[in-house]
Amino acid sequence: MSATPSGSPSPAAPTVPPPTPPSSLEYRIPSLGIRIASGTVRFVVLVIVLVVIPVAALDVLHSLSIALPISVETEAFYGVLISALLAARYVVRPTRAYGPVTIAAALASILFLITLLLEPPYTLAVPQTPVTITIAFDAILLLLLLIPVLTLAAGAVTTVEDVRSPGERLEFDFPG
Amino acid sequence: MLHRTPPRLYRVSRLLRRISLVVLIVVLLYLASAVYSAVRLVESSAPSGKFSTAFAENNTVVIQGSVSISNPGYYPVNGFDLSLRVLNRTGTLLGTSSDGPTQIAAGNSTSFPVAIYVPVVAGTAAGSLLVADQPLTTIVWANATYAYLIPISVHFIENRSWGAPFDSLRVAPGTITGFDGSTVAPVSVSFLNHAPFPDTGTLEVMLVTASSVVCGSTTLTLDVPSGADYDQTQDVPITSGCPLEGGSVLASYTSSGVTLELPPEAIP
């Protein structure tokens, strides 16, 4: 309790009401059209990174008569699949499908990495030399597996959150 | 402006996403630096390929040299071991060499001595190395773990031609003649020195009977440069009445305190 210099008690201070929480509708979700356009751009970028560049690198190896660590078809299939799921995840982010699509993208990535893990160690016969080099990437692939596993967990948590409290995350995902 | 604290599940999900992003960045940085370091290592460690051959003790020929590895990159090479095998044209193992495992720290260079002792005892698979040029196969393995996580194995096979120090050696006694109460046999010695080193030393030639009794011997002084041929005939005093028919000619080469038995030749 505060006091005036004279010692007399001060008049009661007016009660300040606690701040009201912002409305749960204080967010701005991009329209479906914008999301589809952005998702398409993301898809194109992802296809370049995950498909075009790796396939071009594999083609260069093939032209140099170097054995490929993975077939072009496998790389292209998983590359397109993962790119499509990641782009779709962006488009459906405001919806309840976001969690499941995240899980699907993570599962596709896990499947791709497991496919690589099951391959024997990569053996490279250096052209025009008698040298053969064998490299095992298992430890790196296991390290890379951490990323989709964590993403899968995040997707699962988001799915649960969307089931328990639909729309709860929108004001944080799409702040107004 | 006041913000509401994000709900617990949202924070958990966001944290997981952020950790996965950090892992991705760390892995990409690791891979980029590992590839960069590996390229520098390969560029800095051109194979020396300087191997020499010499006679050694205990009837052996030693093939020796060294392999230098320079690691200027950011990561160590752990558990590096190097193994070599030498096979003759029939695939028989002549000699081996192995070194390691050794760690080559980042920024360091290491040289691995290689010494393959090939026993050239007459009558063994490698005995012909002294008297016959032939192709040899060298098989090399190197194993290591690079940048803590990447096991690498390098393997190559190299075919080299071996130049024998006494190629086409021929030690043949001629017709025994007697004069002044003694008996001598002219012994012709010829060979080509195709080895990369000179034959400098002595060649002792013994004529023995089928029951290994020495009938006579002589010692020739050799100084045959690499690539030169040798052809000389010398009279060898023979013990009177010593039957050389069905016997053999034994030759041994001595150089710098090392003695090598050359393959025997039968006397018709």
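This is a predicted model: local features need pLDDT of at least 70, side-chain atom pairs count only at pLDDT 80 or more; totals for chains, interfaces and linings use all residues.
View 1. α1(A) covers residues 32–63; helices here are DSSP runs of H or I with at least four residues, strands are runs of E with at least two, and both are numbered from the N terminus. At 1.5 Å a residue, its 32 residues should span 46 Å, which agrees with the 44 Å between the end C-alpha atoms (the expected span is 1.5 Å times one less than the number of residues). There's a bend of about 40° at A:Ile48, taken as the angle between axes fitted to the seven residues ending there and the seven starting there. Just past the helix, A:Ser65 has a positive phi of about 60°.

**View 2. The buried residues of α1(A).** A:Gly39, A:Leu50 and A:Val51 are buried, meaning that 20 or more other C-beta atoms, placed from the backbone, lie within 10 Å of the residue's own. The buried residues of this helix pack against α2 (72–91) of chain A.

**View 3. Strand β3 of chain B and its two partners.** β3(B), residues 77–87, pairs antiparallel with β4(B), residues 93–104, over eight bridges; strands pair if DSSP finds at least two bridges between them. Look for B:Arg85 opposite B:Thr96. Five residues lie between the strands of this hairpin, and B:Gly91 takes a positive phi near 85°. β3(B) is also joined to β6(B), residues 134–146, by nine bridges, again antiparallel. Here B:Leu87 has B:Thr137 as its bridge partner.

**View 4. Where chain B touches chain A.** On chain B, 25 residues are in contact with 28 of chain A (C-beta atoms, placed from the backbone, within 7 Å). α1 (8–44) and β7 (150–162) of chain B are the elements giving two or more residues to that side of chain B, and α1(B) gives the most, with 11. That side divides into 18 nonpolar, four polar and three charged residues.

**View 5. A strand pair across the two chains.** β2 of chain A, residues 131–135, runs antiparallel to β7(B), joined by five bridges.

Terms used
Residues are numbered from 1 along each chain as its sequence is written. Chains are lettered from A and ligands numbered from 1 in the order in which they are written. A residue is buried if 20 or more other C-beta atoms lie within 10 Å of its own, exposed if 12 or fewer, and partly exposed in between; C-beta atoms are placed from the backbone. Two residues are in contact if their C-beta atoms, placed from the backbone, lie within 7 Å. Ala, Val, Leu, Ile, Met, Phe, Trp, Tyr, Cys and Pro count as nonpolar, Asp, Glu, Lys and Arg as charged, and the others, Gly among them, as polar.
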